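Please examine the sequence and the structure shown here.

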Amino acid sequence: MRFRKIHGAGNDFVLLSGHEPDDDTDWPKEAERLCARRTGVGADGLVLSRLVSEDPAVLDVACFNADGSIATMCGNALRCSAWAARRDHGFQQMGLRMAGVVHEAVVSDDSVWVTVEVSEILPRRLQTVINGRPTWFDSAHTGTEHVVAIVGNVDAIDAVVVGRIIRHHPDLAPLGTNVNFVQSAGHQVLKIRTYERGVEAETLSCGSGAVAAVVVVTLRGLVARRAVTVHNRAGQPLTVRPHDARPNRTQWVGGPVTHTFEGVLA
């Protein structure tokens with residue numbers, strides 16, 4: 001099988017085109033094998049992308065986390081799939097179906113945009129102490145579970161230690177959650193760090209997490225309801241903005257996609 005190694009603003013994937021998640025392959029085990037940093041290709045996740053319609057352009061996309069679990073939503077996996085579809089089929093606009101939800105995608109020369117659906121938002125979902133200070137986490141469902149804490153300095157947080165505690169918090173059982181720490185960094189600018197469930201580590205970038213952070217920070221009145229730049233650990237910021245037709249429930253997330261290399265799986 002030929003594969004692409006590709007990343008969306010630092011969130012990296014092994015991308016296979018033309019494969020179905022329900023064939024005879026044990027894809028969760030393949031994800032664990034291929035995503036292993038020392039013995040495999042190395043990635044945050046394995047993405048399967050398959051063209052199902054050319055007019056209109058629609059692709060089925062499945063994403064398996066590095067631990068083999070299925071991601072119900074992954075904004076950067078969708079963005080990488082859209083980039084590959086532009087390269088393979090010439091599509092600039094398309095629909096991407098992940099876990100039964102169709103997302104819009106637009107590919108330009110320097111960025112790839114996809115839509116993210118926002119549902120339940122719960123302020124003050126849980127509290128913990130970070131660096132001696134009581135800190136609240138709000139939850140926002142952006143196709144997958146996220147909690148967001150607004151902090152004074154994300155660089156002072158031990159994102160792995162605190163993130164792992166919150167990810168396994170009994171109030172969020174049994175699914176757990178992705179954990180985001182966010183700070184205001186200027187006018188319509190945020191800084192973020194994300195502990196990713198399924199990777200079980202800090203990730204360099206998270207598209208659905210960036211959207212969750214913007215939604216929560218907007219609700220708190222720290223940014224206005226327009227485009228927000230979200231700086232991540234990769235140094236390749238994402239931009240989040242409301243969808244013109246559905247501003248209250250749909251956000252666009254956009255940024256760079258980088259094709260690192262291609263290969264053949266042994």
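**From overall form to interior**

The protein contains 4 helices and 18 strands, where helices (H or I, at least four residues) and strands (E, at least two) are DSSP runs numbered from the N terminus. This is a predicted model, in which local features need pLDDT of at least 70, side-chain atom pairs count only at pLDDT 80 or more, and totals for chains, interfaces and linings use all residues. Residues are numbered from 1 along each chain as its sequence is written, and side-chain values use heavy atoms, with hydrogens and water left out.

Along its principal axes, the C-alpha trace spans about 50 × 40 × 30 Å. Of the 266 residues, 53% are buried, that is, under 20% relative accessible area with a 1.4 Å probe, counting protein chains only. Among contacts (heavy atoms within 4.5 Å) between residues at least 6 apart in sequence, 60% join residues at least 24 apart.

In soluble globular proteins, nonpolar side chains tend to be buried together. A nonpolar core is a set of buried Ala, Val, Leu, Ile, Met, Phe, Trp, Tyr and Cys residues joined through side-chain atoms within 4.5 Å. The largest such core here has 49 residues, and those with the most contacts inside it are Phe13, Cys63, Met94, Leu96, Leu190 and Val230. Helix 4 (residues 207-219) gives the most to this core, with 8 residues. Apart from this core lies another, of 15 residues, including Ile130, Val147, Val179 and Phe181.

Cys63 deserves a separate look. Leaving aside neighbours within four places in sequence, the partners in contact with Cys63 include Phe13, Leu46, Ile70, Cys74 and Met98.

Notes
Buried means under 20% relative accessible area, exposed over 50%, partly exposed in between (1.4 Å probe, protein chains only).
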